[in-house]
Amino acid sequence: MKALILNSGLGSRMGSLTAHQPKCMTKISKNETILSRQLNQLANAGIEEVVITTGAFAGELRRYCDTLEGNLKISFVENPDYQSTNYIYSIYCAREYLKEDILLLHGDLVFENEVLTRLLNAHESSMVVSSTQPLPDKDFKAVVRDGKILSVGVNFFDYAMSAQPLYKLLKEDWLCWLGAIEKFCAADRRNCYAEDALNEVTENLTLRPMDIYDLFCREIDNEKDLAEVTLKLQEIEQRTVYMSFSTDILHSGHISIINKARQFGRLIIGVLSDEAVASYKRFPILSLNERKNLFANIKGVFRVVEQKNLSYRENLERYRPNFVVHGDDWQSGFQKPIRDEVIDVLSSYGGRLIEFPYSKDEKHLLLDQRAQQEFSLPDMRRGRLNKILAIKNFVTAIEAHNGLTGLIAEKTAFYKDGAARQFDAIWISSLCDSTSKGKPDIELVDMTSRFNTVNEIMEISTKPIIFDGDTGGLKEHFAYTVRTLERMGVSMIIIEDKIGLKKNSLFGTEVAQVQDTIENFCAKIATGKRAQRTKDFMICARIESLILERGLADALTRARAFVKAGADAIMIHSRKKSPAEIFEFVAAFRAENSYTPLVVVPTAFAQVTEEEFKARGVNIVIYANHLIRSSFPAMQRVALSILENHRALECESLCMPFKKIIRLIPESD
Ligand code: SPV
Ligand code: MG
């Protein structure tokens, strides 16, 4: 689409302002003339070619355009008879340049960006009109019937709306009008409005009124107009627009919506805090400050602020932007409550939400996918547990024992109040890994098999992995286990301070279990720490004193020693229904150590909420066996139903439809 700007007029009502230059070169703000503003707006709207008709001071106008920045391709067409003809003849002179869709505007028109955005978004040929502005005496009015413009001129008052000489014209409609202009000029009717020619052919084309209501769009005819327009532009200049971003990968889709947003005013970007991002997406690769810098350096961004929560409320109330800009993807789905709140807050002070169609560009989706794949690479994944701890100081993990449960751990999300909750990490439990193989949890499933499970889960997930290392085995073997897990991209191994034939802790003292000596276990931890090659990998020491009923003091003594030996975290375990002894340990440990992460596995004391654990100083909560414990009875029920009914019909309702289950598994391209 080309823009056609009519600048052949004399502008004689502007007094001395047009004594030496055309009207379009009149200054309307500190840094803008009418023309420079129009050209900027056109370029920002994606228009690349402009035809300008000239008349008086054609040379000045061309030279002036040379001084303007920007990449617009401008063609000048002179109307040699500008003194004695009207712009109908200027258009006629330029007709060879104008054989496509056209955006037609007068050179003395000043409008706010949204007028242009709306006009360009129109699907049919349209003229800018306003149903809320009073009918002007001497300016253009459009006669509108049944949603179509029938005539445009200054002398129509019936069925008329105030109209502005700003049109989007699709090629077919435009060529129809241009044909009429050519006929007029051939008949030497060159001193009338081009709209007189239009009025003769409106039956043969479709021209829609584009109602801009109170948006600003006005011609400057005299100095009074100029003063009013200047004032209005100052007001428009003060407007602010707010957008929120969580991304740390900037692509052309983001730049495009930023460019659109800044057309509405000074753009304030709210960068979501690390914690808010981590709570609803993957955790950010770049820190908050790095992401803030990223946006601060984008052209046209006025200010960058932190948005602490997914909710916009706090920042909207603080900055009171005139507009919030967002993609239309949040009109449904889990972000809808956030959108509803934005509309609510905006309406409390007269702000407005502007939504653009969400970019579904393949290349942007691919970028996201690629980033996702990279997150699953060992070096990217390994350090992530540490980073989430640094960001949120609290991590939840759920057990997975194969690819399928890994997918559930990876993908399950719960949506509420516009936020999504997901598990932060995956626990590869020795109990569940063994149980899924029909084996007891006694370190019988060897490390090679356990590593296979890790691999299976790693293939389909990106979340950090916490590996249940049982006792860690002989310290000489433990060094190798650490290296292998570290190389694979596992984030943390938890080893328990037991020795000999390990039994599951939930048996407690019902079976014979031997706790390792502090000295031995410390040596094992130290060996593991020496063996690891990166800073990221974590070794967590699990204390079994409460399980084996050795008391709080023993647990604390061990915790102190294990931290000293190099443990990066401490897990305290209990099989009591009451969380009292766990809370006691946490309180006592935290009283002397505020920094070492504490891990709990609330299988027995399942009533305690994450919020309470967090408040008491726990950092990692592991739901250690819930996927296998829930799948076992479900499978058993189905097997029983088939046996009972001699067919599978009765258990159909207990089973996921096959179509659905195959869609659970992603296919790689
Ligand atoms: C596991 O999940 O294998 C554990 C936790 O070690 S527990 O079963 O509670 O001992
Ligand atoms: Mg275990």
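Start at the hairpin of S9 and S10 and select aspartate 146: two residues lie between the strands, and this aspartate takes a positive phi near 50°. Strands here are DSSP runs of type E with at least two residues, helices are H or I runs of at least four, and both are numbered from the N terminus. Before you click on, note that this is a predicted model, in which local features need pLDDT of at least 70, side-chain atom pairs count only at pLDDT 80 or more, and totals for chains, interfaces and linings use all residues. Residues are numbered from 1 along each chain as its sequence is written, chains are lettered from A and ligands numbered from 1 in the order in which they are written, and side-chain values use heavy atoms, leaving out hydrogens and water.

**Around the hairpin**

Now colour strand S9 (residues 141-145). Four of its five residues are buried, where buried means under 20% relative accessible area, exposed over 50%, and partly exposed in between (1.4 Å probe, protein chains only). S9 runs antiparallel to strand S10 (residues 148-153), joined by five bridges; two strands count as paired if DSSP finds at least two bridges between them. Pick valine 143 and you will find serine 151 opposite, in S10. Valine 143 also has a bridge partner in S11, alanine 160. That strand, S11 (residues 160-169), pairs with S9 in the antiparallel sense over three bridges.

Next, go to glutamate 203, in the loop between helix H6 (194-201) and strand S12 (208-211). Its relative accessibility is 75%, so glutamate 203 counts as exposed.

Then select cysteine 185 and cysteine 192. Cysteine 185 is buried at 8% relative accessibility, and cysteine 192 is buried at 16%.

**The five-stranded sheet**

Show S16-S15-S14-S17-S18 in that order: this is an open sheet of five strands with parallel pairing. Strand S16 (301-307) and strand S18 (352-356) stand at the edges with a single partner strand each, so one side of each has no neighbour in the sheet. Inside it, strand S14 (residues 240-245) and strand S15 (residues 266-272) pair over six bridges, and threonine 240 has arginine 266 in S15 as its bridge partner.

**The magnesium ion**

Zoom to ligand 2. Which residues coordinate this magnesium ion? They are Ser430 (OG) and Asp468 (OD), at 2.0 to 2.2 Å. Donors are N, O and S atoms within 2.8 Å of the metal (3.2 Å for Na, K and Ca), and water is not among the atoms, so sites may look incomplete. Serine 430 belongs to helix H17 (residues 430-436) and aspartate 468 to strand S23 (residues 465-468), 38 residues apart. Both residues are buried.

**Last stop: the cores**

Finish at the largest nonpolar core, with 53 residues, where Phe562, Ile570, Phe585 and Phe613 touch the most other members. Such a core is a set of buried Ala, Val, Leu, Ile, Met, Phe, Trp, Tyr and Cys residues joined through side-chain atoms within 4.5 Å. Helix H21 (residues 551-564) gives the most to this core, six residues. Apart from this core lies another, of 38 residues, including Trp174 and Phe184.
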